Amino acid sequence: MTEGVFGRHSGHEQVVFCHDEASGLKAIIGIYSTALGPALGGTRFYPYATEDAALDDVLALSKGMAYKNALAGLDLGGGKAVIIGDPNTLKSEALLRAYGRFVESLGGRYITACDMGTYVRDMDVVARETRHVTGRSPEDGGAGDSSVLTAFGVYQGMRASADQVWGVPELTGRRVGVAGVGKVGHILVGHLVEAGARVVITDVAPSAVDRTRAAYPDVEVVSDVDTMIGTELDVFAPCAMGGVLTDETVAALRARIVCGAANNQLAHPGVDKLLNDRGILFAPDYLVNAGGVIQVDDERHGFDFARAQRKTAAIFDTTKAVYELAKADGVPPAAAADRLAERRMADVGRLRSILTV
């Protein structure tokens with residue numbers, strides 16, 4: 001680990017690099033905090049341009065997971081992993097099993113699950129080498145695809161946001177733009193169509209757009225995210241890669257609410273204030289997209305979908321609580337969500353340290 005890495009992982013408990021030459025595995029695991037319990041977070045398999053880009057992503061994502069798990073009321077810390085490479089060409093049984101051994105070597109400090117580029121069937125392979133994995137298939141004793149409850153949680157956050165802005169938790173007739181209709185975004189579109197929203201979609205993958213239009217023929221398609229941002233919308237739902245909310249995109253944004261599934265939507269910490277100053281309500285991403293982690297945590301206790309769905313439905317109430325705190329403290333919702341998460345990490349973490357003395 002270089003000196004520059006230490007400076008960039010301020011606050012992280014542990015950052016570990018792995019290289020298995022035989023399988024081609026190059027991976028990084030970041031553990032931000034274990035104050036509330038073992039660090040749980042998914043494994044992202046992505047062709048990063050550089051190792052530095054992969055490191056930046058894992059540092060930001062692992063911190064976000066700590067806040068997400070804390071705000072969701074889970075007894076879990078925050079961690080994340082990235083595998084560097086194109087999953088379409090590099091992924092193999094040997095690589096996934098080497099990765100599983102990497103996870104196992106951390107002795108339970110980190111629990112992995114699915115993320116972008118990894119799937120339930122991949123976690124089944126990883127589980128052949130480590131106990132510290134969740135998000136497996138039902139046939140292998142797991143909960144299956146966590147995208148289902150991730151999308152459901154985002155929908156609940158969107159309903160709470162509508163209630164905050166328009167006084168009713170309904171999306172009937174509202175124009176909602178979903179940027180990214182992959183695993184989560186596609187399911188979210190289904191909830192919105194069922195709720196009577198007018199849905200606009202975009203995705204860099206034509207196959208994802210075609211699949212969504214085949215399922216929901218009335219959705220409107222725009223060419224790209226920039227076009228969507230400049231379109232008249234009631235709600236903008238980023239559901240792909242992070243960093244979409246920049247100074248420039250916020251200035252161009254014509255939606256009243258931002259509420260989506262993508263992690264780390266704010267390009268830098270000051271963007272939440274820019275949104276607030278423009279009167280755009282931002283639903284903190286790690287608050288509303290916590291349904292997936294709620295699902296995979298429930299798997300660890302013997303999965304019950306109805307129980308996990310009830311816990312995910314509580315995202316509606318938590319989102320309302322964040323907005324109330326933001327109003328009381330005179331801060332943007334992202335700052336209010338951070339305060340609630342940090343308070344729980346400090347309070348419960350202190351209690352755990354007392355109990356283990």
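Aspartate 122 counts as buried because its relative accessibility is 4%, where buried means under 20% relative accessible area, exposed over 50% and partly exposed in between (1.4 Å probe, protein chains only). The model is predicted, so local features need pLDDT of at least 70 and side-chain atom pairs count only at pLDDT 80 or more, while totals for chains, interfaces and linings use all residues. Residues are numbered from 1 along each chain as its sequence is written, and side-chain values use heavy atoms, with hydrogens and water left out.

Aspartate 122 forms a salt bridge with lysine 91, at 2.7 Å from N to O; the term stands for a side-chain nitrogen of Lys or Arg within 4 Å of a carboxyl oxygen of Asp or Glu. The pair links distant parts of the chain, 31 residues apart: lysine 91 is in the loop between α3 (87–90) and α4 (93–104), and aspartate 122 is in helix α5 (residues 120–126). Helices (H or I, at least four residues) and strands (E, at least two) are DSSP runs, numbered from the N terminus. Lysine 91 counts as partly exposed because its relative accessibility is 23%.

The whole structure holds 21 salt bridges. In one of them, aspartate 57 meets arginine 44, with 3.4 Å between the closest N and O atoms. This pair also links distant parts of the chain, 13 residues apart, with aspartate 57 in helix α2 (residues 51–71) and arginine 44 in strand β4 (residues 43–46). Both aspartate 57 and arginine 44 are buried. Another salt bridge joins arginine 307 to aspartate 298 at 2.7 Å, N to O. Here arginine 307 counts as partly exposed at 27% relative accessibility, whereas aspartate 298 counts as buried at 0%. Salt bridges with shared partners also join Glu93, Arg97, Arg101, Arg128 and Glu129 into one network.

Helix α4 has twelve residues and reaches 16 Å from its first C-alpha to its last. That is close to the expected 16 Å, which is 1.5 Å times one less than the number of residues. Buried residues in α4 include Leu95, Leu96, Tyr99 and Phe102.

Six strands form an open sheet with parallel pairing, in the order β9-β8-β7-β10-β11-β12; two strands pair if DSSP finds at least two bridges between them. β9 (220–221) and β12 (281–282) stand at the edges with a single partner strand each, so one side of each is left without a neighbour in the sheet. Strands β7 (residues 175–179) and β8 (residues 198–202) run parallel and are joined by five bridges. Glycine 177 has valine 200 in β8 as its bridge partner.
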